[in-house]
Amino acid sequence: MPEEGVSKFVLHYTHMPAGSVDLPEALNQWRSRLWQHRLIGYLAASGGGIGYGNVSRRIQTGLSGAGFRGFIISGTQTGALAMLDASQYCLVTDWDAEQNRVTAQGPVRPSSEALTHGMLYDLDADINVVFHVHSATIWQAARRLGLATTKPAVAYGTPEMASEVARLYRNADFTRQTVFAMGGHRDGIVAFGPDEETAGRALLETLEHSQRL
């Protein structure tokens, strides 16, 4: 699994103390459920290890036309932990796929997939939650499951991946299936929805279906 957990965008990061990020309880609970299913976790390796999987939620300000956008996302290299707290999440306040740039603040740096999360939030105002996980079972069965899949030549965490996600969203029937595979990111699976329950259930149902194939 190449370069998992390595951020490929330019990050403008401001460190903030623990408690500076309000953690949505439902997001953190679903993150733990995904960890229990080994969809989020940690891979041991010589000289260290790498975490995988991340979750995010759009910030709802209630200020129509205020121009603020942002999302809470789990921090980089937190996959080994069964349960996170607010000190392991950060707030992404701005992102630009074309310029390959992410701006974030909080007690930890954002996940390496933050740019892809941001692209999904830009595509549809009804998307409030994004889960990026790893599942060899789903990934290997993606074609048989009928999952939309990004092009194999496109690497994760890049402007090209963000653009590829936009292409999928325009062309795929996401009213039927809100889970897609990342063809160039081995085992990479993304689920999204209006809330944690919808995105999480779609992901677990896809996992269960793939296990029956």
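## Strand pairing and salt bridges: exercises

β4 and β5 pair in the antiparallel sense over 3 bridges. Helices (H or I, at least four residues) and strands (E, at least two) are DSSP runs numbered from the N terminus, and two strands pair if DSSP finds at least two bridges between them. The model is predicted: local features need pLDDT of at least 70, side-chain atom pairs count only at pLDDT 80 or more, and totals for chains, interfaces and linings use all residues. Residues are numbered from 1 along each chain as its sequence is written, and side-chain values use heavy atoms, with hydrogens and water left out.

**Exercise 1.** Trace the bridge partners of F71.

*Solution.* 
1. In β6, the partner of F71 is V92.

**Exercise 2.** Determine whether the two faces of strand β5 are covered.

*Solution.* 
1. Apply the classes: buried is under 20% relative accessible area, exposed is over 50%, and partly exposed is in between (1.4 Å probe, protein chains only).
2. One side of β5 (residues 71–74) carries F71 and I73, and the other I72 and S74.
3. These residues are all buried, and both faces are therefore covered.

**Exercise 3.** Find the salt bridge of R57 and state which elements it joins.

*Solution.* 
1. The criterion is a side-chain nitrogen of Lys or Arg within 4 Å of a carboxyl oxygen of Asp or Glu; the structure holds 6 such salt bridges.
2. R57 pairs with E196, with the closest N and O atoms 2.6 Å apart.
3. Because R57 lies in strand β4 (residues 54–58) and E196 in helix α6 (residues 196–212), the pair ties together parts that are 139 residues apart in sequence.
4. Both R57 and E196 are buried.

**Exercise 4.** Describe the salt bridge between E208 and R212, including the exposure of each residue.

*Solution.* 
1. The N to O distance is 3.4 Å.
2. Both residues lie in helix α6, 4 residues apart, about one turn of the helix.
3. E208 is partly exposed at 46% relative accessible area, while R212, at 58%, is exposed.

**Exercise 5.** Identify the network that contains D96 and R101.

*Solution.* 
1. Salt bridges that share partners join D94, D96 and R101 into one network.
2. Between D96 and R101, the closest N and O atoms are 3.8 Å apart.
3. D96 has 21% relative accessibility, so D96 counts as partly exposed.
4. R101 is buried because its relative accessible area is 17%.
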